[in-house]
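Here are some exercises to work through with the structure open beside you. Try each task on your own before you read the solution.

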Amino acid sequence: MTTRRIRIRLGGQGRRWEGSLTEYSPRQSYLLLSPVLIIFFIFLVIPLLRLLPLSTMDPTFTLKHYEHLIEEPLYRDVIARTFRVSLLVTGIAFLAGYPVAFVLSKTKGTLSNLMMALVLFPMLTNWLVQIYAWLVLLQTHGVVNELLLRLGLISKPLQLAPSEPAAILAMVVIQLPMMILPIYSVLRGIDPNLVLAAKSLGASDLRAFLRVTLPLSLPGVSTGVLLILILSLGYYITPATLGGPRVLMIGKLIEQQMTQLLNWPFASALGVILLVIAISLTALLQRLLLEKGSGELIVM
Amino acid sequence: MTNPSPVTWGAEIQLNGLTKRFGSVVAVDNVTLQIEAGEFLTLLGPSGSGKTTTMRLIAGFDVPTAGDILMDRSSIIPVPTYQRNIGMVFQNYALFPHMTVFQNIAFPLEMRRVEKDKIVSEVARVLELVQLPGYEKRYPRQLSGGQQQRIALARALVFNPRVLLMDEPLGSLDRKLREHMELEIKHIQERLHITVVYVTHDQEEALVMSDRIAVINQGKIEQVGTPQELYERPKSRFVADFVGETNLLQGEVSELGAAYSTIGLKNGARIRVMPMEGLIIGQRVSLAIRPATIRILTLGEQLANSYTGVVDEVIYVGEITKYRIDLGGGESLMVKQAGRFDPQRCCRGTSVTIGWDLVDAKVVL
């Protein structure tokens, strides 16, 4: 295992208070993290590890659940759809969130506070309430359709929800702050002289952004992307409610198998697959996005 | 690619009535200055004097509130920064941390779409110029402060700009390195024949490196001249005090004469100065006397101005010893003496006679 220093930043809110950058050695870092690590181990790692015997001992060692999973086109579709939706949500959140983080990082004072409040808004309301709010807005006799009908813009209500786009929309909105905040945090920490230097050397605004700002903001981008991608993989209530039965994602499938069909071994196999996907994606993204930068993981 | 010599490569810069306001604060106040092609001009002033703002206006980072900036007789205000072809070295170097030394220096060449081979040779050329050959593959964080500074300089010079702006680049270096870099930068500038606009609050840097110095205070230029002119003939209290060390005494004109005039101090001492135009009896003036021009007199020595006083403080700085002499009545003077430490003149409480020539006490208003 490579000895990688974990820098833990205390306070990164731009320049209002210059957070102290304290660097801990790996040994100290693990010591500091040990309470959390212990809790994680007991309540997360061990239960997850139990999935392995659950999914393979039925009653003796067998891989039939995994085979079932791979052979049935239904289940392959579910996994593919989960991937696709998660990637879409992450991609859209990035495209929508980066400009916001960028603009936010350049504002000061009241405007900055106002914008920040707007960004954090989705986090103030319980997400379940938000889902139902979206339903009220987008369903067949919901607010949007009624409005368009009354205005005479359409003659028949549009099928806005339940649908996959509706699920994606809600997932993006709910998770957007988690994309914006890490990117904002990193952007605020970039020395403004670097962009000025690039300009003095002949870079236009666009080129200065692409060659200097964007690469330096990658640690924040990767934090946001990682967070949202992994979380989206596990989402099941939002896509179930706003996507309907046709947008079946792996989370919902696991829930069905567990609570309705009582097929715990199969559900465990699904869980293991989900875990494996999540871990490999994390490792892959870390490789791609973090190695390029300074090798730090910025925690807000 | 060598610079086309023998004519100067550097551009001429003109600031005409340049003004910059931030809300109600006037950072740069109607500054008019002519910088000759190939000249090393320093903007010297304390923090907040407007020197950095002026530099930023020349670079194009800010837009002036009023006035004009001309490069080779044409206004560059409508020209965006990236087209001004002006090299800049920042106080904190601003090296791109995610790029190697090579990539940093190659950056301006890439922006100008220079071919790969050319880039490699040019980067090598400037690395030689700053005496860091072979450093291409390092990252800025692996370099010392002095090395980073030289890489920043190399990066600013590689595309052969005609003007180089430097914003207090030597501030964070230790004294020895700073003194070395002062000369190195000067030599590079002379070799390349480019115009350099240097911003600093350190008067020693200014005196060592500049062809001319513009002393700036609260947004206004107090005086422009060669280092000698500023040091020996300061036009105002501020310049006298800021450039080099000086003693400043307050007094009133008491006598006017052909051979000399007299200024009376509060403690009764009368100081003779060179005759000067425009003085009226009773006028309040300041006197600037450089510590190095005051001598501690031996028995029997006489100078145009001599006074007795008591040694109040002795400061030993190796090559120089400084003394503060108390003249009584609240007046004291700093005296600088080179040479070996003389125990006879030393020590607090010793009574001494000091003196200076007529020409060494300057009236400043």
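**Exercise 1. The sheet of chain B**

In which sense do S3(B) and S9(B) pair, and over how many bridges? Then place S3(B) within its sheet.

*Solution.* Keep in mind throughout that this is a predicted model.

Step 1. S3(B) and S9(B) pair in the parallel sense, and 4 bridges link them. To find one position in this pairing, look at Thr42(B), which stands opposite Ile213(B) in S9(B).

Step 2. Now turn to the other partner of S3(B). Strand S8 (residues 195-200) of chain B runs parallel to S3(B), with 5 bridges joining the two. Leu44(B) has Thr200(B) as its bridge partner in S8(B).

Step 3. The open sheet has 6 strands, which follow one another as S6-S7-S8-S3-S9-S10 in chain B, and its pairing is mixed. At the edges, where a strand pairs on one side only, are strand S6 (86-89) and strand S10 (220-225) of chain B. On average, neighbouring strands here are turned by 20° against each other, if direction is ignored.

Step 4. Strand S9 (residues 212-217) of chain B and S10(B) run antiparallel and are joined by 5 bridges. Within this pair, Asn217(B) has Lys220(B) in S10(B) as its bridge partner.

**Exercise 2. A covered strand**

Why is strand S3 (residues 40-44) of chain B described as largely enclosed by the rest of the structure?

*Solution.* Step 1. Count the buried residues, where buried means that 20 or more other C-beta atoms lie within 10 Å of the residue's own. For S3(B) the count is 5 of the 5 residues, so the strand is largely enclosed by the rest of the structure.

Step 1. Check each face. One side of S3(B) holds Phe40(B), Thr42(B) and Leu44(B), the other holds Leu41(B) and Leu43(B), and all of these are buried.

**Exercise 3. Nonpolar cores**

Which residues have the most contacts inside the largest nonpolar core?

*Solution.* Step 1. The largest nonpolar core has 97 residues, and those with the most contacts inside it are Ile105(B), Ala152(B), Ala154(B), Val163(B), Leu165(B), Val197(B) and Val215(B). H4(B) gives the most to this core, with 6 residues.

Step 1. Zoom in on one of them. Beyond its neighbours within four places in sequence, Ile105(B) is in contact with Val123(B), Val126(B), Ile151(B), Ala154(B), Arg155(B) and Val158(B).

Step 2. Another one, of 51 residues, lies apart from it, and includes Met179(A), Leu242(A), Leu253(A) and Phe266(A).

**Exercise 4. Where the chains meet**

How many residues of chain B are in contact with chain A, and what covers the buried residues of H8(A)?

*Solution.* Step 1. In chain B, 17 residues are in contact with 16 residues of chain A. On the chain B side, S6 and helix H2 (101-111) are the elements that give two or more residues. H2(B) gives the most, with 3 residues.

Step 1. By class, this side of chain B has 12 nonpolar, 3 polar and 2 charged residues.

Step 2. Move to helix H8 (residues 192-200) of chain A, where 7 of the 9 residues are buried, so the helix is largely enclosed by the rest of the structure. Among the buried ones are Leu194(A), Val195(A) and Lys199(A). Their cover includes H9 of chain A, along with helix H1 (51-59) and S6 of chain B.

Definitions and conventions:
Residues are numbered from 1 along each chain as its sequence is written. Chains are lettered from A and ligands numbered from 1 in the order in which they are written. This is a predicted model: local features need pLDDT of at least 70, side-chain atom pairs count only at pLDDT 80 or more; totals for chains, interfaces and linings use all residues. Two strands pair if DSSP finds at least two bridges between them. Axes are lines fitted to C-alpha atoms, for helices over the stretch in contact, and angles run from 0 to 180 degrees between N-to-C directions. Two residues are in contact if their C-beta atoms, placed from the backbone, lie within 7 Å. Ala, Val, Leu, Ile, Met, Phe, Trp, Tyr, Cys and Pro count as nonpolar, Asp, Glu, Lys and Arg as charged, and the others, Gly among them, as polar. A nonpolar core is a set of buried Ala, Val, Leu, Ile, Met, Phe, Trp, Tyr and Cys residues joined through C-beta atoms within 7 Å. A residue is buried if 20 or more other C-beta atoms lie within 10 Å of its own, exposed if 12 or fewer, and partly exposed in between; C-beta atoms are placed from the backbone.
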